[in-house]
Each structure stands twice: as structure tokens, then as C-alpha cells.
Amino acid sequence: MRHALWWLALTLTGGVERRGLLPRGGCVVVANHSSHADTAALLAALDASHAPAIGAAADYWFASPWRSRICRRLAAGFPVRRSGGGMDDLLGMTDTLRAGRAVVLFPEGTRARAGELGSFHRGALVLAEHARVPVVPVGIAGTERLLPKHGRLRPSLVRVRIGEPLPYTATPEEARIAVAALHARTVAEPLRDSRVRKVLARVISARLGLLLAFAWAFAEALSWPLMPELFLAVACVAVPRRSLKLSVTALAGSLAGGLFALQLASMGVSLPAPLTTDRMRAEVRHELSVEGASAVRHQPWNGIPFKVYAKEAGRADVPVTGWLSESARARGSRTLTVGLAFGAFGFLVHRLRRLYGLYLGLLCGGFAAGLALIVAGWS
């Protein structure tokens, strides 16, 4: 359950990748340590069959009953004193190792600065020798960005690389060299990404991205045939962290465009409305005559474009206040839901961003097919 919990948590915050496997039987895992998220990364990456137990500073994680319970239950932690008695705490895990479990230790003793690797204390190696189990070096990268020391949580892909086991006779310096090499290789390994996604991400992450979201939605409410949800499906998967801002901006553009379209229609100005049909307009006129401004609540689900409702509402002299209230409710329910859903999807598939070009192709093909079916259904 811990393995599943932390795998899900890290997946939602950018993803977690693992290279390599632990050997069969008990082992002492030694890893670099730069973030509190290192524990989550190891619990998510190491196989649950080893039921890893994590060594934690007794003076911090076990300083109060509630913190102790959280550490034991969520992080499988056991206390290790940092000032007197720590070696006895470690040797107390000998039976755990002989039972085939993994004991995870951070030999630096504290979190180091990002990119640095401090000297290793000898306790982990003494425990391995006492229990006659191998020492497994592990390099962790990405946690220093996910949860920096004294910083705030932000999305990042976490990568865990498990190295070849060292004999229990290894020295602390040999273990340190192995962990440092794994960490350096993991950091240096380029993340495979789509060139299209990187270009779009640069545009969307700038102010221009919000301007595009507003302009697209505004234009769609007047005449543009492609709904703003298509833009959100492209943008929110490319840059998931901008999902909320993009969705709210697109909603604002849609409402502003709808008001403008209503005013134009009330003055007798008719803009082109491609990919709409006479049957759509007849249905909207009927709904407006029966329900007034609240008829727009049907729009998110019946496939009739928002611009048809806005134009026919203007021709029917629907009050502006009522129209704005009802269209905000109807458009908001769909635009915000779609934008945030694609943002969540973007987080979940963050490590597959190299396939973004394929995703775009499938998205555009599916959208074109769906649009064709809707237009045909209302013809």
C-alpha cells in the first residue's frame, strides 16, 4: 500500500522512473539525500516484496508522537539516533535484513545541497557486514527540484537508478563513489522530449499563451469553428502547471465573445458561422423561446456551438444580465472541467512527453471525426 501510495503521489507531481532491480534477499540500500522527497521516491521505486524500512533521524522524525506515527505508517521509518546510540539502532535491524527485507539508509546523515554529495558515515556498511548482506547503491535525481531543501513543492520527474550490489566488505568511500556515479549518470541522462512540445511549451508558458487562450475562445464565440476545448487539450497537456490559468482565461474569452456576439446580433449584424446548420439554429430558437437565457445550459452537451446560442439570443432580445449569468454557468462547467482534466492527464503522462507529437495527431484526428459526426447529426 505504501508503494502504491507514493507511486501515485509522484505520478501526479511529474512521474517517477526506475532503472535496475534490487537483488533477491535482504540488502542495505544506500542513496544520495537532498530532499525529503527521497524517501517517497525510494518507496515508490523499490519493489514492495522487499518491504523496505527507511532509517530516519530520531531527533526529528520521532520527536513527537504524531510525527512518529506518520513516519512509521507512511514512510516505514525506524528511528536512528544521530548523537549516541545510532549504531545500536542500526544493528537492531539485522533480523529484518536476514528475513529478506531491504533497509534503506542515507549515509550522509542529512540532506545535502543539490548537486553535492557529502561523506558517508560507516553505519550502513557496518550493518551490512554484521548481517552478511550486500550493499546496493542507488542514485536519485529530480527530488531536489520536486521538493527543494527549505523550498516548496513543484512538479518534477523523479528518476531512481539502482546499481550493482557491492559486497558487505565494501568501505564507506567505495559506496560513496558508486552512489555518486549513479547520481551523475542519472542527472546527465537527457530526458527524451518532443520537439513540438518544447516549442509549444515555450509559447504557452509565456504571456502569449494566455493571450492565445483568450483570443481563441473569443473568436470561437463569434465565428471561429474550432472550440476552445481543443486549444486546452493541446496546451494543458504540453504545460500541465498552466492548466488552471489557461482554462480560466479561455472561459473569460468565451464569455466576452458571447456578449459581443449577442450585441452584434441584436443590432442586425450577422457574422459567418461555418460548420453550423439550419437545424441547429432552429433548435436553439425553440429552446430560447421556451426557456429564455437558461437554454444555453444545453450547449455543453448537445454539440451545438456556443456562437449559435449567442447569435440567436441576440436576435431574441435575451437580457444581457441573464445571458451572462447562464452562459457563465454553462460554459464554466465544461471549459474548466475539460482544461483541468487535460492538465491532470498531462501530469500523469509527463514521462511520455516524447510521444506528444503522436498525441497531437490522435487528438486532431479524433476531433475532426467527432466534429464531422456532430455536423452530420444536425444536418
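Tutor: A charge sits over a ring if NZ of Lys or CZ of Arg is within 6 Å of the ring centre and within 35 degrees of the ring normal. The model is predicted: local features need pLDDT of at least 70, side-chain atom pairs count only at pLDDT 80 or more, and totals for chains, interfaces and linings use all residues. Residues are numbered from 1 along each chain as its sequence is written, while side-chain values use heavy atoms, leaving out hydrogens and water.

Student: Which residue lies over the face of Tyr 60?

Tutor: Look above the ring of Tyr 60. A residue lies over its face, 4.6 Å from the ring centre. That residue is Arg 67.

Student: Over which ring does the charged end of Arg 331 sit?

Tutor: Start from the charged end of Arg 331. The ring centre is 5.1 Å away. The ring belongs to Phe 306.

Student: How many aromatic pairs does a search of the whole structure find?

Tutor: A pair of rings is described by the distance of the centres and the angle of the planes. Rings of Phe, Tyr and Trp (its six-membered ring) pair if their centres lie within 6.5 Å; planes under 30 degrees apart are stacked, over 60 edge-to-face, and the rest tilted. Over the whole structure, the number of aromatic pairs is eight.

Student: Is Trp 61 buried, exposed or partly exposed?

Tutor: Buried means under 20% relative accessible area, exposed over 50%, and partly exposed in between (1.4 Å probe, protein chains only). Tyr 60 has 36% and counts as partly exposed. Trp 61 has 28%, so its class is partly exposed.

Student: What kind of pair do the rings of Phe 218 and Phe 260 make?

Tutor: The centres are 6.0 Å apart, and the planes are at 20 degrees. So this pair is stacked.

Student: How many residues apart are Phe 218 and Phe 260?

Tutor: Helices (H or I, at least four residues) and strands (E, at least two) are DSSP runs, numbered from the N terminus. Phe 218 is in helix 11 (residues 207-222), and Phe 260 is in helix 13 (residues 243-266). The pair links distant parts of the chain, and the separation in residues is 42.

Student: How far apart are the end C-alpha atoms of helix 11?

Tutor: The expected span is 1.5 Å times one less than the number of residues. Helix 11 has 16 residues, so it should span 22 Å. The distance in the model agrees, at 23 Å.

Student: Which helices do the buried residues of helix 11 pack against?

Tutor: The buried residues include Gly 209, Ala 213 and Glu 220. Contact means heavy atoms within 4.5 Å. The packing partners are helix 10 (195-205), helix 12 (228-238), helix 13, helix 16 and helix 17 (320-348).

Student: How many salt bridges are there?

Tutor: Side chains of opposite charge can pair when their charged atoms come close. A salt bridge is a side-chain nitrogen of Lys or Arg within 4 Å of a carboxyl oxygen of Asp or Glu. By this rule the count is 13.

Student: In which helix is Asp 59, the partner of Arg 82?

Tutor: The two side chains meet in a salt bridge, 3.1 Å from N to O. Arg 82 is in the loop between strand 4 (77-80) and helix 5 (86-91), 23 residues from Asp 59. Asp 59 is in helix 3.

Student: Is Glu 312 buried or exposed?

Tutor: Glu 312 forms a salt bridge with Arg 315, at 3.2 Å from N to O. Arg 315 is partly exposed at 44%. Glu 312 has 3% relative accessibility, so it counts as buried.

Student: Which residue in strand 6 stands opposite Val 29?

Tutor: Strand 2 (residues 27-31) has five of its five residues buried. Two strands pair if DSSP finds at least two bridges between them. Four bridges join strand 2 to strand 6 (residues 135-141), and the two run parallel. Opposite Val 29 stands Val 136.
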